[in-house]
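The points concern the fold of one chain and its contact with a partner.

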Amino acid sequence: MKIVVAYKWTSDPEEATVGADGVVNWSRARPGISTYDPVAIEVARGLAAATSAELIGVTVGAKGVGTPLAAKAALSRGLDRAVIVEDDSLKGAGQAELAAVVAAVVRRIGDVDLVITGDSSVDVAAKMVPTVLAGELGWPAVAEVTDVTGQPGALRVGRAVPGGAQVLEISGPAVLATSADATTPHVPGMKDLLAAGKKPVEHVDLAALDVPASSAVMTITGRARPARKERKHQLLDTSDPAEAAAELVKALREVGAL
Amino acid sequence: MRCDWVHGYWVHWQWVRCEKGFGMSVNAWIVVGDQPAIGNLITVARSLGGDGTIAAVVAGPRAVAETVAASGVDRVVWCGTPDGSPAEASAPAVAEAVAADPPRVVLGGRNPGDRVLLGAAAAALHAAVLTGARSVTVGADTVTVVNAVYGDISDETVEISGPVALLLDGGSVPAASGAGVPIEEVTATPYGVKVLETIPSEFEEVDLNAAQRVIGVGRGLKAKEDLSLIEALAAALKAEIACSRPVAEGLNWMGKDRYIGSSGARISPQLYLAVGISGQLQHMVGVTGAETIVAINSDPNAAVFAQTDYGLVGDLYELVAEITSVLK
Amino acid sequence: MPEVAEPDFDVIVVGAGIAGCVTAYQLAQQGREVLLIERGEAPGSKNLSGGVLYSRGIQEVFPGFLDEAPVERRITRNCVTFLNATSSVGLDYQDARLADPVNAVTVLRARLDPWLAGKCEEAGVTVMPGVRVDRVLTEDGPAANAAGAAPWHANGTTGRRVVGVQAGDDELRARVVVAADGVNSFLARDAGLRPKDPLNHLAVGVKSVVSLPRETIEARFNLTGDEGTAIAVVGDCTEGVGGGGFLYTNTDSVSVGVVVRLDDLTAQQKVVTDIFDHFLAHRFIAPYLEGGELAEYGCHLVAEGGLKMIGEIVMDGMVVVGDAAGLTLNTGLTVRGMDLAVASAVAAAGGIGAALENKDTSKAGLTGYRERFFASYAGQDMKTYAKAPAFLEHERMYKQYGELFADVLYGAFSLDTRPRRHLLSVARRALAHSPLKMRHLVSDGIAGGRAL
């Protein structure tokens, strides 16, 4: 039995800067496992332990996603091994392209029963990679997953829906996208990190994968920094809270916010 | 009129060109799960122009298909999702319907079920996927999208030759317009996904986009009980209460539909009052459209103050109580 | 006594800054099993420095350093500026000789440190980011357990010896632990090596990196190619608080900051961020940065005590390197930290190597580190400039001299149709109006000559 957990190695746009020309500068941002993916790994680890499944980490992206440091950071969270596609042609790749490459890796690994991912990535927050991935694999996808129990083939999946929660039963292979609060991931200890250095990492050539050609060609023809509304930046004197409150309410009435 | 999807998009478009004048090619597909909240998707589809149709494929209950059929779209396909299955189970039928009449654009809303259907359609079309569209223009050979990326810090203009799937805010349930169109029923083998149990949320549902005034609560609030203080202010302000992501996901003090940010709600109210919110990019991107922003935070260096009209540095408990009493 | 556990590593280095990386790299090159632990999620993520690295030392460690490492610009122009509210007097020294051989470069730590950590990995170091060391593991020293001790324990010292580190639930053991964890070294303190620092040996630095187009930087700072400028500023930039400001050019950004003494800051009840804002807005500083975009902002403690800051840097089973050892040097003209970190790391790697060879990692066995360091150019410099910190603590340095110089030059350059006086008499008059007295000039002149 095999469970794949697909994670993203990327940077937080909070640490990026953008020039007046709209070009995003990532050079000072520090890459890491995308913020919500450790949750996916933790959920997958729990299920893999309960079902004696092999847990395989998969990541795809531009050069840098597969450095020993990056691989160890993922492996130390409880993966048994990792399969990594590192290719600069994936720099700035769209959601559909990334999903198609992950799907090709899953097919290559073979006999995968379940793919678990984080619901959104910290950089793009598109929430579409897991669902396109499922489409590529011809498997059902469930997003906002909060817990997974049972066996692949008869999974019980808890998930959030607008207005509440549901428990689903899934009879075949599936892609599950975990919500950010599905669990609290543990912080890997030194022994985990040392053990991670001894786990197998397979680097797969993008060219060696069977990735279906996209019907769409995307060209970026322009970039701009979005115009932000000018803010007043008025700091009210709060030495007397009652006075500050009165001043605020007065100001809000004047601008028509109340 | 159907065009069987065999050799990919360009084959199809040559076909569309030679058939031009017959009309009826699909300009836009809208994928719909078990909620007919697609008002915004219809607006966007209409704005595309062209002489193609706007078609919707519904994977939810028949009642949803009926609402959609009366909403002014040109065509409705219903997948007849089996009882006891979620909309996601009908993803194969949705993908098949969309691929059978390939469009220039597929549109879907952001809730979890709709995202799965859009993903299935995008995969079937091998379409490009964009999730931050600010505007969409359909040209003769390309679709041009101004797409906000990376927490909206940059707008990229993307030209796509080929089909494109766009994830957008669904909007509200469209009002009935005219007599409606007949519902075409299709079937495909659904995925083996069953709903075993549905648990209603302990929290009331909310449409933050409908609110003129919104109070956002962050981790500056120390305890869940202290929300009563915020509720009193909300009552005095006639405002809805929203929050930053950790307050809904993690602390679980309110429903997930109340968190604002790059992966949550994006709102443009008259007034946004950020209480105990530090002002991280992921949150603030959800309120950039607000007319007036006020922030209350005890940390004078909080990033939120750089993004506000009025800032109050101090104890939020004291200040919120004072503002409430002034309003009364 | 229980058997001494076989260590997990020969050496555990805590802190993947420059000192830690260089120590780890050189020990791995000697064939030692080395673990390099870093608190930040990525090497360099917690580090901040002004940005000028006097690079001769590191070039010896990495012969390809200038070509391979993410170096920003090679400093060929050094300026020292006395800044007053409405005037500034400066020394501007530009010299092609500084480019060949390269003497100093600007670096951005967010780029340099990952490169260094990568070099360590290549050399066989186990690099472990995202781990915060909670405790130094100690055992009774050699004197207490001499009976059951391994051979390298056998030495006459007493007290505790360091045997490893603990993070979370995990303990890892090593024959030597290297504390390279920065100015506030938790390790050195936890091991009982350092008391709390006196405030006047500490300064607080605030720094921004401001992005500007390459061409703009080259035009504004009179540079070509990858040449760079380092400007040291004293005077009005710190609103009278002891300290100074700096501007360093990177490839497509400028590092700008102030470093002010913590005790003076506290005494004058000033806020360091206000001082920084004042500096950025200064009429003679702002034009350098105009139109730039803030790319990075940070605040950091800096040890400034020079030789006085260096206390014990060797104990049983542990050595302290870099900032953690208090190795910074402010001569007024140059502020050095990173090159001293390199020098101490090279000395430590040598000393530890010898200790491991001799199977004696006690304090006495590791003392080769201390000897090597003080024999190095960096250690010599620490002695040479031993009096600089005290000299630079004089308030006069920050306020009155700049105004005096400006008044003298104003007398010379302001041709207001009145006949000119001899420069000396202008100077005398200016001095008469200044709170400075002739004896200050004489004593500071002598002290400065001795200290610098």
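What share of the contacts in chain A with a separation of 6 or more comes from residues 24 or more positions apart?

1. In this predicted model, residues 24 or more positions apart provide 72% of the chain A contacts that have a separation of 6 or more. Of the 258 residues in the chain, 53% count as buried.

2. The secondary structure of chain A consists of six helices and 15 strands. Along the principal axes, the C-alpha trace of chain A extends over about 65 × 40 × 40 Å.

3. Two domains are assigned in chain A: domain 1 covers 2-208 and domain 2 covers 229-258. Taken over C-alpha atoms, the centres of domain 1 and domain 2 of chain A are 45 Å apart.

4. The contact between the chains involves 77 residues from chain A and 85 residues from chain B. Elements that each supply at least two residues to the chain A side include α3 (95-109), β9 (141-151), β14 (217-224) and α6 (241-254). The greatest contribution to that side is made by α6(A), with nine residues. Classified by residue type, the side of chain A that touches chain B comprises 44 nonpolar, 20 polar and 13 charged residues.

5. Strand pairing also links the two chains: β14(A) and strand β8 (residues 154-161) of chain B run antiparallel and are joined by seven bridges. Within β8(B), Asp155(B) is the bridge partner of Ala224(A).

Definitions and conventions:
Residues numbered from 1 in each chain as written. Chains lettered and ligands numbered in written order. Predicted model: local features only at pLDDT ≥ 70, side-chain atom pairs only at ≥ 80, totals over all residues. Domains from an automatic or database assignment. Contact = placed C-beta atoms within 7 Å. Helix = DSSP H or I, 4+ residues; strand = E, 2+ residues; numbered from the N terminus. Nonpolar A, V, L, I, M, F, W, Y, C, P; charged D, E, K, R; others polar. Pairing = 2+ DSSP bridges. Buried ≥ 20, exposed ≤ 12 C-beta atoms within 10 Å, placed from the backbone.
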